[in-house]
Amino acid sequence: MPFDQAFALSSVLLATTAFSGLVLAKSVPLWLALPTTIILIISLLQARGGFSVRRAMAQITVSPALWNVLLIGAFVLFLVDLTVISRDLLPAGIHFLVVLMSIKVVTLQQRRDYQHLYAISLMSILASAALTTDAWYVPIFLLYLLTAVWTLLLYHLTQETGKGSVVVRPASTAPCHTTFPSRITHRFFWLTNGTAVMTIALTLTIFFLIPRIGAGMLQKTSGETLRTTGFSERVDLGTIGSVKQDPQIVMRVELPDQPAVEKDRLYLRGLAYDQYNGRSWSHSETRRRSLTFVGEGRIFLARPTGSRSADSLSVPIRQDILLETLDTAVLFAAPFAEHVSGEFLTLQTDAMGGLYLPFPPSSRIRYSVTSQVPRLAQDERTASILAYPDSIRSHYLQVPVGSQQVADLAHRVTQEATTPFGRTLAIQQHLLENYRYSLEADTGTLSHPLEEFLFTRKTGYCEHYATAMVVMLRTVGIPARLVTGFLATEWNEYGGYFTVRQRDAHAWVEVYFPHSGWVIMDPTPTVNTLVATNRWESIRRLGESVRLQWDRLFVRYSAKDQLAVVHGVREGSDALRERVSRWGSLISAPIDQIFSRLTHVARTFQPGMVELATGVSVIGLALLLLMLRDRIGLWATTHLPTSHPQLAIVQLYARMVRTVERHGVGKPPSATASEFAKLVEREWKAAGPMVADVTALYHQGRYSRTPLTAGELSRAAEQVGRLQSLIHLAR
Amino acid sequence: MHLLISLRTAPAFSFVRGLSRRRSIRLTSEGTKFLLFTFGIGLAAINTGNNLFYLLLAMMLSLIVISGLLSEHCLRRLEFRRHVPDLIIANEPTTLTLSVANRNRHLPSFSLRLFDVVEGQDVDRGLAIHLLPAQSSVLLSYPLLATKRGWIRLEATRAQTLFPFGLFLKKGRYPTEAHLLVSPPIKPLTVRFVDELVGEGQGESLPRRGDGTQLYNLRLYRSGDDSRAIHWMTTARTSQLIVRETEAEDQRRIIVVLSIVAPEECESLFERSVTFVASLLSQLADRAYPVRLIVGTEDSGLGSGSAHLLVMLRLLALCERQSPEAGGIARHGERIPLTHEGERGYTVAIVPWLDQAASTNTVQADRVLHAAQLEELTHAF
């Protein structure tokens, strides 16, 4: 491809990449995106060299005055957009940028126009960086960087070759070398791509090293928040159903301390509810308390009241959670959170262990939680009577008015059970076996949704099951409460985390046991959701993992991470040093031992023996070096990098001359190399062929246009080596 | 202060100073805009704390760094060798050659523009190399037109490149010092004047063999002699082949003396006189006259041919005007140091300025060209 054509193509590609960034950031409306896309495609085709497109474009001539009018029109549109339509500088500015880009792409004539287009594209990629944190920015950024390197390089080279007409073409011995090829050669293609790869590597290095001193004065929130249901102070029965088919990701949960197995499901607790009025759940106590710090490093102690402290029954589980921007201030964690740490200044909790931020986060947040998952004590499994504290009885045995029918059902289901735990299991089993899971059961408008679920429809989803179980347990005197949150089941084996989506929203039951505390029970049958296990599913999970890494390494990279990297490097180097010194001491210890024993023996027999041995060794080493100096020099000439192959053959020739002189055949100053070779042939017949060969190679390397190959160079070295051996033999 | 001085003489400091002398970087207009954008993005990154802005900032910075590295690579391991003639003539274009070799093992050098460094300034000769592959060399030649006689000192060669992105202009200085001697320009003189001068000098010709009609000598015939030159009468008389040698008619010696004493206001006339002498010498050399030039205390000796002309032109290229205030030494320089009789000849003295007080016994010559005559002869120069 000719240089000019490649330059035009890369310039339009640069603009197209920047425009794609804006489109993917959903900041360009369709009415603007469509014509701009068409203009860019036509420009690309024109730059690519489509003959028909070129001919068609050549027929369209628009005067500069009209373009100026268009520019003024675009500016007026921007003002209208700013004041009337968008009423915000960023979207209005982006629309203006896109219009400018379209105009510039069409009117690319002078170099100044190209510069303007680059500035517009840079502003566009900057704007898309401001509008998104998604992982699609990675390929767009890389593509932008690649095209930027091509464009800048071609911009410079086309400028240089344009000047070619005024420079004096050098009267070169090889003129083709000094002038630039007019087309993109294979070599140039790889050179430019290599430069781009180097730039990318350097960009990443600088990105990770550049000090983060962000003041955040003009920080803008990244906009869209996910709407969630089921985490407000009052939850109507049936509200979760609306999000049960929404695949949007809510959070990602890593379990750093857990083994890879046993990761089939994880309950992520949001809020618990204790009051049910027959249609909706609510809290009896809305008071929240702020959590206090424990230890160093801003760790909040989050043990809920009424829960037990960690003992042998509970299992600790640590989670690192990346929560998307939600419209709720609730933080989610596996039950029950003990310690919470994250980038927030305060944290609150309610009476039932729900965790709250002071206000809904404006962007993704990352936090770590250590939870203690309770287990039921063996004695409480078999105890026929459990003594519940009054505070529990007063809160968690409330049932709505007029639920006699439900109570009858509960008593009927549990009549054969003799223990509270047995009754709990019986109710759970009844619900699991006799009701069908369906998301189509919309009970939001019914006056008695629970009764409708239990006795009429007998189909429902988690909320119905959990509500039914809580009410039934309470009617038989077992304290219970409803919990909303998420049930994570989608394990990403590439990233090592659970992906939690809106559709994973779930409700379950917590049953109180005086000794064990609140124990999770889930009456909702396992839904055999269609989990695709084909290739695409695994690719999707891989993409998901890449997105998480992108978020962690780039979007959320902070000064704290930089510090962690520094600490990591320091600790790594310390460990390495320690290991090396250990190996060193392991190796040197026996040597030291042998040496000291030898020294001791030597000193015992002869006091000056050690000094003598050292002296002899040094002298021996020096003699060895002296004897091998020719070999070492020969090796160095051929193996060590020299500035030019000419130099190597010249050095070899000089070595050969010195060697021959040692035999008594000196090179007269007036003799040429060939004459000297003939002289050697006369005076020292055995060395003649070697000298002749080296001389021929010397002529070739020094005076011919074809440089010596590595093989020829080593042949010359070999001949000089043989010559040296001949000398030694002669001696 | 002492510490500062010791620091300045420290090897590291001199290394840095040497490095800064060898390399210099200047921003282009595109580079300035690029830096402004980088600065703007950096500001936005700091203000917002947005990591994607930091990523873009890193991209801009890495482009700057890559630009610096590649341009450095273009200028590193370049070898320059200059080839200049011994003497050039002012106002006559001369070709100089510069050989450039790229000693890089793998990567070529791009977009090189080359300059001569003369008196600390870069002089553009219009030399450009768009591509110089690794391990290859190129020979560039360019015209040079010197306008003044004397030495031209080509201090070094400067190579500059805008590669790869045109953001920075990086310059490298390479020691290729060369001294170029410029002789005065050669101007055409009127044929009448030269003929007249030669005619006047007829009497000063020394008898020497050559083409002519007058008898110079008779001698025994030697193999290869022209048989027409046999002097038959003497041959008959002596019974030996005797040939006749003739005396060369046009072989006469001319000594040109240039007075270098002149006040500052006569600078122009002095320079024209030097040009006149150079032109005269050139004409005489063309006619194969043995010529001797005396400039101040400098003496070229008697000789002929182009090699001798170069010697004389070299004297003229380097001669400097001496002001009359310089005194006796200068006056002494006016005296013609004729060393031995054999080198006597027709003497032409060129005196651009004459001291009225000492006019009687300064220059003794067969023909003296004073300021007025010189003005007339050189007014067209």
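In strand β7 of chain B, Leu144(B) is the bridge partner of Thr94(B). Strands here are DSSP runs of E with at least two residues, helices are runs of H or I with at least four, and both are numbered from the N terminus. Antiparallel to β7(B) runs strand β4 (residues 94–102) of chain B, and 9 bridges join the two. These strands belong to an open, antiparallel sheet of 3 strands in chain B, ordered β2-β4-β7, where pairing requires at least two DSSP bridges between two strands. At its edges lie β2 (78–83) and β7 (136–144) of chain B, each pairing on one side only.

The model is predicted: local features need pLDDT of at least 70 and side-chain atom pairs count only at pLDDT 80 or more, while totals for chains, interfaces and linings use all residues. Residues are numbered from 1 along each chain as its sequence is written, and chains are lettered from A and ligands numbered from 1 in the order in which they are written.

Turning to chain A, the axes of helix α12 (residues 404–414) and helix α15 (residues 462–475) of chain A come within 8 Å and cross at roughly 75 degrees; axes are lines fitted to C-alpha atoms, for helices over the stretch in contact, with angles from 0 to 180 degrees between N-to-C directions. The two helices are therefore roughly perpendicular, a label for angles of 65 to 115 degrees. Val406(A), Ala407(A), Leu409(A) and Ala410(A) of α12(A) meet Val471(A), Met472(A) and Thr475(A) of α15(A), contact being C-beta atoms, placed from the backbone, within 7 Å.

For the complex, the predictor gives an ipTM of 0.71 and a pTM of 0.63.

How values were computed:
Angles under 35 degrees count as roughly parallel, over 145 as roughly antiparallel, 65 to 115 as roughly perpendicular and the rest as oblique. Two residues are in contact if their C-beta atoms, placed from the backbone, lie within 7 Å.
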